Amino acid sequence: MARRAVEQELSRGRILEAARHLFITKGYRAISMRSIGQHLGYSHGSLYYHFKEKAELFYAIVIEDFNTLRGILLRAATGTPDDGLSRLEYLMLEFIRFGLENPYQYEIMFMMHDEELFAYCRTEQNRCVELFASMIRQELSGQGHSEEDCSRVPKSLFLSMHGFVSFYIQDGLTFEEIRPAALAHVKLLCRHL
């Protein structure tokens with residue numbers, strides 16, 4: 001009996017995952033702490049043990065998702081690239097992989113249009129984009145590119161990858177299903193550097 005109670009315990013992680021899904025599918029304003037609790041089969045009061053309000057819950061989701069992406073980017077920047085890819089290609093491919101393997105997270109992080117929520121995301125977006133840009137600048141400067149290229153190219157690469165993810169995320173395709181297209185896209189972008 002004790003094991004069953006532990007399995008059914010309402011964890012912070014379960015709340016974050018359910019809320020993330022509901023915010024994307026129904027919209028932030030349409031979701032309440034009560035509706036999240038109902039979705040999980042618990043009273044909304046049990047959510048307040050973990051989060052004081054809906055905005056705090058949303059911000060926790062944003063922080064968790066950006067931390068995950070930052071970890072992936074850091075591993076890609078310091079790890080060994082797969083399949084004979086350059087470090088730059090590998091870094092970009094891992095960004096695309098994250099977006100397509102985590103569509104709900106990606107949409108919250110980069111595609112929400114609610115102005116109230118934008119404030120929660122913008123700081124973390126900027127931190128993430130700056131981390132990506134610094135990694136790209138480091139790779140470019142190591143290849144002897146000009147200071148101007150090192151300044152301008154990272155944002156263009158980011159926007160190109162974001163466009164790729166945004167386009168394919170709508171179709172519900174997995175990364176593995178579109179891996180050849182992602183690889184061709186990344187290689188094309190890097191070929192012109």
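Predicted model: local features only at pLDDT ≥ 70, side-chain atom pairs only at ≥ 80, totals over all residues.
Let's start with the aromatic side chains. The structure holds 13 aromatic pairs. Take F66 and F110: their ring centres are 5.4 Å apart and the planes meet at 75 degrees, so this pair counts as edge-to-face, because anything over 60 degrees gets that label. F66 belongs to helix 5 (residues 54-78) and F110 to helix 7 (residues 103-110), so the pair links distant parts of the chain, 44 residues apart. Both F66 and F110 are buried.

F110 also pairs with F158. Here the centres are 5.7 Å apart and the planes sit at 55 degrees, so the pair is tilted. This one also links distant parts of the chain: F110 is in helix 7, while F158 is in helix 9 (residues 147-169), 48 residues away.

## A cluster of rings

How buried are F110 and F158? F110 has 13% relative accessibility and F158 has 8%; both count as buried because the cut-off is under 20%. Zoom out a bit, and ring pairs link F66, F95, Y106, F110, F132 and F158 into a cluster.

## Two charged residues

Now for K54. Its charged end sits over the ring of Y28, 4.1 Å from the ring's centre.

R97 is in helix 6 (residues 87-101). Is R97 buried or exposed? With a relative accessible area of 17%, R97 is buried. Leaving aside residues up to four places away in sequence, R97 touches F175, E176 and R179.

Technical notes
Residues numbered from 1 in each chain as written. Heavy atoms only, no water. Helix = DSSP H or I, 4+ residues; strand = E, 2+ residues; numbered from the N terminus. Buried < 20%, exposed > 50% of the residue type's maximum accessible area, 1.4 Å probe, protein only. Contact = heavy atoms within 4.5 Å. Phe/Tyr/Trp six-rings, centres within 6.5 Å; stacked < 30°, edge-to-face > 60°. Lys NZ or Arg CZ within 6 Å of the ring centre and 35° of its normal.
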